[in-house]
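Could you walk me through this model, one region at a time? I would like to follow it with the structure open beside the text.

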Amino acid sequence: MNEVLEKIQEIGIVPVVVLDDAKDAAPLAKALCEGGLPCAEVTFRTAAAEESIRIMSEQFPEMLVGAGTVLTTEQVDHAVAAGAKFIVSPGMNPRIVKYCVEKGILITPGCANPSDIEQALENGLDVVKFFPAEPAGGLKMIKAMAAPYVGVKFMPTGGINQNNVRDYLAYDRILACGGSWMVKGDLVAAGEFDKIKELAAEAVEIVKESRGK
């Protein structure tokens, strides 16, 4: 398995971050690292994404920073140039996947059905994002799809929180879960980075409990 994927599996929960202002990137990264969760998927839903990735990558080199909601090859280039170690897309866009694969950039595309998974396999991928996880059938759907695709692992994101994440993590075909409950926009906007650190530490304990560590 790819070194970055191994690290993601080890961490277990990937905080999905939406930042409106790049000034929040450093304190947020610090809070996550101090909470024991040195990872972030910074989504390209805002204009601050690229600069936020750059700040996190440069100031916190121990942190695994990726880019989410990547919809174009231009965004791939910008994210990687800023220091992103992995790319996440909400859907299975063959053009973006092929672009990343050819450049040796780790990508986990969003897959919500068997056809999506087969396109991912066609491109040599064996880890996919399952999105939107809860609305698309949750753990039951993942288990149903995991049966015919024995070599595939899943990173479910969407509707996952501290109340249901244990069930996901307990299943051995889940590489990690994406979640935003510890990095909610209102906490960031209010500068409540101590609370984010606390929630990150709780998430780390959840991973340990769920995997029997």
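Q75 sits in helix α4. In this predicted model, Q75 has a relative accessible area of 19%, and because the cut-off for buried is under 20%, Q75 counts as buried. Setting aside residues up to four places away in sequence, Q75 touches F44, T69 and V70.

One of those partners, T69, deserves a look of its own. T69 belongs to the loop between β3 (64-68) and α4 (73-82). Its phi is near 50°, a positive value in a residue other than glycine. Is T69 buried or exposed? With a relative accessibility of 15%, T69 falls under the 20% limit and therefore counts as buried.

Stay with α4 and turn to its packing. Two packed helices are described by the angle between their axes and the distance between the axes. For α4 and helix α5 (residues 94-103), the angle is about 35° and the axes are 9 Å apart. The crossing of α4 and α5 is right-handed. On the α4 side the contact is made by T73, V76 and D77, and on the α5 side by R95, I96, Y99, C100 and K103. Sorted by class, these contact residues are four nonpolar, one polar and three charged.

Helix α5 also holds K98. K98 has a relative accessible area of 46%, which lies between the 20% and 50% limits, so K98 is partly exposed.

Now move to a second pair of helices. Which angle do α2 and α10 make where they cross? The axes of α2 (residues 25-34) and α10 (residues 193-210) cross at roughly 35° and come within 7 Å. This crossing, too, is described by its hand: α2 and α10 form a right-handed crossing. From α2 come P27, L28, A31, L32 and E34, and they meet F193, I196, K197 and A200 of α10. By class, the contact has seven nonpolar, no polar and two charged residues.

L28, one of the α2 residues in that contact, also touches L19, so let us follow that link, since L19 is buried with a relative accessible area of 1%. L19 lies in the loop between β1 (13-17) and α2. Apart from its neighbours within four places in sequence, L19 is in contact with D24, A25, L28, T46, A48, S52, M56 and V188. L19 and V42 are 23 residues apart in sequence, and their C-alpha atoms are 7.5 Å apart in space.

Next comes the largest pocket, with a volume of about 200 Å³. How many residues line the largest pocket? There are 17, and V16, R45, T157, G179 and S180 lie nearest its centre. The elements that give two or more residues to this lining are β2 (39-43) and β8 (177-179). By class, the lining residues divide into five nonpolar, nine polar and three charged.

The last stop is the stretch around α7. In the loop between β6 (127-130) and α7 (138-146) you will find P132. The peptide bond leading from F131 to P132 is cis, with omega near -5°.

Within helix α7 itself is K140. K140 has a relative accessible area of 71%, and because exposed means over 50%, K140 is exposed. K140 and Y168 are 28 residues apart along the chain, with 9.8 Å between their C-alpha atoms.

Beyond α7, the loop between α7 and β7 (153-156) carries V150. Is V150 buried or exposed? At 66% relative accessibility, V150 is over the 50% limit and so counts as exposed. V150 and D126 are 24 residues apart along the chain, and their C-alpha atoms are separated by 9.6 Å.

Key
Residues are numbered from 1 along each chain as its sequence is written. This is a predicted model: local features need pLDDT of at least 70, side-chain atom pairs count only at pLDDT 80 or more; totals for chains, interfaces and linings use all residues. Side-chain values use heavy atoms; hydrogens and water are left out. On a 1 Å grid over the protein atoms alone, a cavity is a set of points where a 1.4 Å probe fits but cannot get out, and a pocket is an open set with protein on both sides within 12 Å along at least five of seven lines; lining residues have an atom within 4 Å of a point. Grid points are joined across faces, edges and corners, and a volume is the space filled by probe spheres set on the points. Helices (H or I, at least four residues) and strands (E, at least two) are DSSP runs, numbered from the N terminus. Ala, Val, Leu, Ile, Met, Phe, Trp, Tyr, Cys and Pro count as nonpolar, Asp, Glu, Lys and Arg as charged, and the others, Gly among them, as polar. Axes are lines fitted to C-alpha atoms, for helices over the stretch in contact, and angles run from 0 to 180 degrees between N-to-C directions. A crossing is left-handed if the near helix is turned anticlockwise from the far one by less than a right angle, and right-handed if clockwise. Contact means heavy atoms within 4.5 Å. Buried means under 20% relative accessible area, exposed over 50%, partly exposed in between (1.4 Å probe, protein chains only).
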